[in-house]
Amino acid sequence: MTPLERALRDRIKVEGPISVEAFMEACNAYYYATRDPLGVDGDFTTAPEISQMFGEMIGAALADVWKRAGAPSDAIYAELGPGRGTLAADVLRVLGAAGFAGEAHFVETSPVLRDAQALTIADAEWHDLIDDLPQRPFLLVANEFLDALPVRQFVGGVERRIAIAAGGLAFDRDGEIVEDSPAREQAARQIAERLVSNGGVAILVDYGHERSAAGETLQAMCRHHFVPVLSNAGEQDLTAHVDFEAIGRSATDAGAAVTRLVDQGEWLIRLGIEARAEALSRANAERSQDIAAALHRLTSADEMGSLFKVMAIHSPNWPAPAGFA
Ligand code: SAH
């Protein structure tokens with residue numbers, strides 16, 4: 001039994017069965033606090049860890065929108081759940097070349113990942129919560145952040161819970177599942193409120209769906225394989241698909257502007273990732289096969305290209321970033 005499962009069993013003995021939301025929150029807090037899960041030797045690989053081209057396209061989109069907004073010098077770069085800091089480094093290199101010299105502010109709760117991020121972006125400032133970000137215009141990025149925030153599950157209108165059964169932890173009911181996520185909607189609302197008061201733009205990348213729909217999407221990953229959600233509590237990555245309709249609604253309700261949702265592959269191609277891949281291959285002929293493979297992984301519909309989606313939220317006083325029209 002994992003240390004977290006022992007703690008969760010004790011909690012269930014005192015409180016009774018706990019919600020899926022409480023379980024996912026406890027598991028991910030423990031999981032991220034105790035390891036760097038990224039990469040081939042870890043549990044899963046994210047787009048910025050596949051290739052620098054991913055962050056460079058985001059950097060190009062942010063540089064362009066920042067310039068069109070008048071290049072405000074008080075703007076900051078903000079990132080939610082920056083992992084190893086790889087994405088931030090790629091984005092900031094492109095932003096810097098465009099004349100942006102703003103501070104980097106990271107919202108990150110894991111001490112292990114904060115240490116990893118400090119090796120990449122030494123002068124960043126760290127925060128526990130979105131609401132702790134400074135009141136300044138921001139260029140914000142969140143890649144695979146929302147999918148780690150907890151979801152609730154309902155069966156026939158009743159919230160699904162986790163109890164102790166003979167063999168371990170078990171769901172208290174099965175049936176047709178509907179998911180929602182107050183934590184994600186709160187994050188979208190907080191981002192939008194900041195954008196409305198201070199200006200700026202946020203680019204959100206995650207796997208998910210365009211319209212709210214019934215269905216179970218909660219999943220667990222360990223060493224690049226799907227594993228049962230309730231096994232090895234705290235030792236595997238729990239995620240659920242992002243309901244972008246709910247995210248967009250929370251942001252619009254807070255007064256921000258929301259772009260259309262675009263497939264990651266389509267968005268990266270519109271921003272010029274193919275030309276970037278060609279230029280990188282010309283400059284590094286010995287790496288051209290790796291570059292082609294990374295381009296395929298990021299953009300192709302049978303890889304990450306259409307499972308992952310991109311949405312931007314922006315201040316009503318700022319233009320929309322490129323690639324969404
Ligand atoms: N964006 C990175 C890492 C994605 S993994 C990449 O694309 O490679 C999810 C990240 O979100 C990790 O950095 C994790 O520690 C962080 N995270 C998860 N839940 C969080 C929370 N509630 N508050 C702040 N950071 C969180």
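Strand β6, which covers residues 152-155, pairs with β7 in the antiparallel sense over two bridges. Here a strand is a DSSP run of E with at least two residues, numbered from the N terminus, and two strands pair if DSSP finds at least two bridges between them. F154 has E159 of β7 standing opposite. These strands belong to an open sheet of three, in the order β7-β6-β10, with antiparallel pairing. β7 (158-159) and β10 (177-180) are the edge strands, each pairing on one side only. In general, strands of a sheet pair through backbone hydrogen bonds, in either a parallel or an antiparallel way.

The model described here is predicted, so that local features need pLDDT of at least 70 and side-chain atom pairs count only at pLDDT 80 or more, while totals for chains, interfaces and linings use all residues. Residues are numbered from 1 along each chain as its sequence is written, and side-chain values use heavy atoms, with hydrogens and water left out.

A further pairing involves β8 (residues 161-165) and β9 (residues 168-171), which run antiparallel over four bridges. The two form a hairpin, with two residues between them. Within this pairing, A163 has A170 in β9 as its bridge partner.

Attention now turns to the ligand. There are 16 residues around the ligand, and T46, G81, G83, E108 and N143 come nearest; a residue counts as near if one of its heavy atoms lies within 4 Å of the molecule. The shell comprises eight nonpolar, six polar and two charged residues, where Ala, Val, Leu, Ile, Met, Phe, Trp, Tyr, Cys and Pro count as nonpolar, Asp, Glu, Lys and Arg as charged, and the others, Gly among them, as polar.

A polar side-chain atom of T46 lies 2.6 Å from a ligand oxygen atom. The side chain of T109 has an N or O atom 3.4 Å from a nitrogen atom of the ligand. For N143, an N or O atom of the side chain is 2.7 Å from an oxygen atom of the ligand. Taken alone, the ligand exposes 570 Å², of which the protein buries 91%; such accessible areas come from the Shrake-Rupley method with a 1.4 Å probe.

Key
Polar contact = N/O pair within 3.5 Å; in protein donor to acceptor, adjacent residues only side chain to side chain.
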